[in-house]
Amino acid sequence: MTERIESLLARTFEKEQAKFRRDVDWKPLLARFVAEKTDDETRARMGLEAMLAAETPAFMEGERLHFLRTVRQIPDLHGEDEMAARRASGTAFGEKGVVFNLTADFAPTIRDGLDARLAEMAARLARARAENDAEGISFLGNAILSVKAVLGLVDRYAAEERARGKGQRTEDSGQTSERSLLSAVHTGAKTFPEALQVLRVLHYALWCEGEYHCGLGRLDQYLLPYYEADRAAGRLTDAEALEWLEEFFVACNRDSDLYIGVQQGDNGQSVMLGGMTREGAPAFNALSRLCLAACGELKLVDPKINLRVDKSTPLEVYEAGTELTAKGLGFPQYANDDVVIPALVRWGYDLADARDYSVAACWEFLIPGCGLDINNIDAVSFSGCLDAALRAVPDAPSYAAVERAFLDEIQRRADALVQKYRHVDVLPGPFVSVLSDGCIDRARDICRGAKYNNFGIHGTGISVAVDSLASVRELVFEKRLVTLPELVRLLDTDFAGRPDVLSAAKAAPKMGNADPRADEIATRLLAFWGHAFDGRRNDRGGLFRPGTGSAMHYIWHAREIPASADGRLKGQPLSANYAPSLDVPVKGPVSVVRSFTEPDLVPVCNGGPLTIEIHDSAFARPDGVTKVAQLVKFFVARGGHQMQINTINRETLLDAQAHPERHRHLIVRVWGWSGYFVELDREYQDQIIRRVELAAS
């Protein structure tokens with residue numbers, strides 16, 4: 001790491017950038033929208049114009065890539081009463097209602113520049129006018145003004161840059177000249193630094209428009225041509241390229257505390273590396289390695305690295321990823337092409353698109369630029385389903401009857417979600433539409449639909465449900481230690497007065513120990529879940545994708561149920577995503593992998609990684625990195641879909657709770673993202689500590 005990057009990193013972490021920020025009262029703008037009944041598309045455009053007009057060009061000493069948030073608040077474009085009225089009329093929205101959990105198609109605009117997009121839209125607007133296409137005229141008019149607003153801020157930055165004498169020396173056709181990297185936002189990038197600057201501006205503008213959890217996608221693919229051209233022309237050494245890349249990664253952390261999420265760090269700045277090209281060729285390349293190296297040196301939570309692998313991926317690639325795990329970053333998160341690509345094709349994605357997949361905010365799979373999938377629109381609580389089923393069949397004659405009632409309840413809740421989301425609206429985003437495939441040609445905002453419009457549904461508390469079913473079978477129907485009605489009463493009282501039943505529940509078979517008595521239940525559960533939405537379509541023509549993730553529901557759903565038949569007490573959280581229950585003393589990570597790869601994961605591949613905690617002492621051994629890399633490779637070979645590994649230490653976490661000032665840089669994996677431990681709410685901290693208590697070293 002160069003001294004310049006080291007200085008930028010330190011000052012960014014100390015939040016020096018905050019000195020440039022100010023508050024803006026956007027209430028008058030919202031009041032105007034409400035009073036004038038301004039249409040949604042115009043609100044989106046005017047909101048972006050107002051936001052960017054309020055921004056002030058700001059520079060941190062030593063930076064070469066610009067654009068920094070100076071306004072803390074993004075305008076609210078719709079009042080609470082307005083949104084409530086829409087929902088009351090039967091319209092559903094995903095979260096805040098805007099475009100979110102989306103990765104734009106950055107590549108064409110990095111290549112061509114925004115001037116080319118303006119020319120393209122002007123030509124399309126002329127056609128729309130000739131066709132009397134009112135909706136197209138409205139969209140294109142607002143999109144053009146949105147792009148001009150972005151370029152207006154670019155030009156203000158460039159003017160200030162010139163005044164400060166901050167131009168970059170570039171070589172073009174043998175001529176050396178002073179050229180602002182920002183000019184590439186107009187005309188398109190020719191060099192690696194220019195491509196990074198354009199990407200910084202485009203990504204920044206999405207957040208300012210109101211989109212959130214905006215991913216960066218397959219950065220090592222769409223930036224590779226610029227990197228290779230610079231290397232071939234002798235304009236850039238690998239060391240210089242690394243410095244530019246590290247500055248871009250540092251910049252991703254400057255404004256991230258202003259990005260919304262359930263917790264600080266939950267901001268969706270994800271990058272996908274490796275995998276294969278759209279043609280099916282191996283895609284892991286020199287820039288992929290450079291990205292891993294940059295993350296390893298910086299040790300920041302953003303961008304969050306995902307690494308695509310398959311059975312043929314060399315061990316050294318797994319080891320390169322594991323080097324980051326060893327540093328305690330909580331990533332990379334691995335995605336298995338051998339499972340994910342067939343899953344996407346099964347759901348109707350074109351093969352070339354499926355090969356080009358990335359992730360949304362955390363781990364839900366999407367196709368950059370051509371998908372408006374709402375990958376986490378809702379969730380089904382498997383633990384809640386089982387609790388309801390146990391109360392519905394007090395006289396169940398057999399374990400099979402209990403399991404049948406459980407699956408029936410899952411289906412009932414799945415059907416209810418299909419009905420709940422029978423009509424879903426998305427609010428317009430003219431600028432993100434400019435960066436989305438086909439929107440200009442169709443003359444329609446991406447909110448009207450894209451090539452793919454699927455909804456993802458989480459399935460939460462998988463291991464708690466499986467373990468509880470195994471316990472019911474053993475305690476009620478095999479050992480007859482307790483009747484089903486008696487067990488239900490015990491669940492409502494945290495097993496009060498029956499410590500023997502609690503002990504037996506904890507000792508019953510558990511998922512994660514390669515115990516077929518539990519794993520065969522998990523196999524049936526996920527086989528059923530994978531087909532719970534078969535034949536169902538949303539009103540956008542998309543289907544419902546079931547998954548094994550939890551997002552924040554592992555905390556939320558735990559609040560809704562009493563104790564569980566597996567011995568979990570009321571108030572205790574569920575395991576995050578696809579992982580053993582918190583209080584299960586597993587035999588080791590290999591047994592966990594064996595258990596969690598027994599089911600067929602293709603039908604439930606909306607996303608949701610196997611999450612494993614490994615004690616940091618594992619990497620104190622000389623072969624620690626290789627052994628953990630082999631574990632990931634073993635998971636992939638057995639048909640696992642996604643995996644993430646936390647490398648942490650219980651004593652360190654407890655000390656961080658007691659003395660947060662000593663551990664400001666401590667990073668943990670939360671559910672599908674990495675964050676600073678001391679910035680998390682206490683209940684999330686406690687859940688992570690409980691996960692670590694039984695971690696195998």
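## Val201 and its surroundings

Apart from residues within four places of it in sequence, Val201 makes contact with Phe67, Val150, Val154, Leu182 and Val185. Val201 sits in helix H9. The model described here is a predicted one. In this model Val201 has a relative accessible area of 0%, and it therefore counts as buried, the limit being under 20%.

Leu153 lies 48 residues from Val201 in sequence, and the C-alpha atoms of the two are 9.6 Å apart in space.

## Helix H6

Helix H6 runs over residues 114-130, 17 residues in total. From its first C-alpha to its last it reaches 24 Å, close to the 24 Å expected at 1.5 Å a residue. Which residues of H6 are buried? They are Leu114, Arg117, Leu118, Met121, Arg124, Leu125 and Ala128. Viewed down the axis of H6, these buried residues fall within an arc of 135 degrees, so they line one face of the helix. Ala123 and Ala130, on the other side of H6, are exposed.

The cover over the buried residues of H6 includes H5, H9, helix H7 (134-164) and helix H8 (183-187). Helix H19 (430-434) and helix H20 (439-442) are also included in that cover. Just after H6, Asn132 has a positive phi of about 55 degrees.

## Helix H24

Helix H24 covers residues 516-529, 14 residues in all. At 1.5 Å a residue, H24 should span 20 Å, and the 19 Å between its end C-alpha atoms agrees with this. The buried residues in H24 are Ala518, Asp519, Ile521, Ala522, Leu525, Leu526, Phe528 and Trp529.

## The largest pocket

The largest pocket holds about 550 Å³ of space. Its lining is made up of 25 residues, and Pro75, Asp76, Leu77, Lys96 and Val98 lie nearest the centre. By class, twelve of the lining residues are nonpolar, four are polar and nine are charged.

Two helices, H4 (80-88) and H9 (192-209), each supply at least two residues of this lining. Which element gives the most to the lining of the largest pocket? H4 does, with three residues.

## The second largest pocket

The volume of the second largest pocket is about 430 Å³. It is lined by 20 residues, and those closest to its centre are Asp105, Ala107, Arg278, Asp356 and Pro368. Helix H5 (106-112) and helix H10 (219-222) are the elements that give two or more residues to this lining. The lining of the second largest pocket divides into eight nonpolar, four polar and eight charged residues.

Asp356, one of the residues closest to the centre of this pocket, is 77 residues from Glu279 in sequence. In space, the C-alpha atoms of Glu279 and Asp356 are 9.2 Å apart. Glu279 is in the loop between strand S6 (270-274) and helix H13 (286-298). Is Glu279 buried or exposed? Its relative accessibility is 65%, so Glu279 counts as exposed, the limit being over 50%.

## Thr12 in helix H1

Thr12 belongs to helix H1, which comprises residues 3-13. With a relative accessible area of 5%, Thr12 is buried. When residues up to four places away in sequence are not counted, Thr12 touches Gln17, Met60, Val250, Asn253 and Arg254.

Notes. Residues numbered from 1 in each chain as written. Predicted model: local features only at pLDDT ≥ 70, side-chain atom pairs only at ≥ 80, totals over all residues. Heavy atoms only, no water. 1 Å grid on protein atoms, 1.4 Å probe; cavity = no way out; pocket = protein on both sides within 12 Å on 5 of 7 lines; lining within 4 Å. Points joined across faces, edges and corners; volume = space filled by probe spheres on them. Helix = DSSP H or I, 4+ residues; strand = E, 2+ residues; numbered from the N terminus. Nonpolar A, V, L, I, M, F, W, Y, C, P; charged D, E, K, R; others polar. Expected span 1.5 Å × (residues − 1). Buried < 20%, exposed > 50% of the residue type's maximum accessible area, 1.4 Å probe, protein only. Arc of directions from axis to C-beta. Contact = heavy atoms within 4.5 Å.
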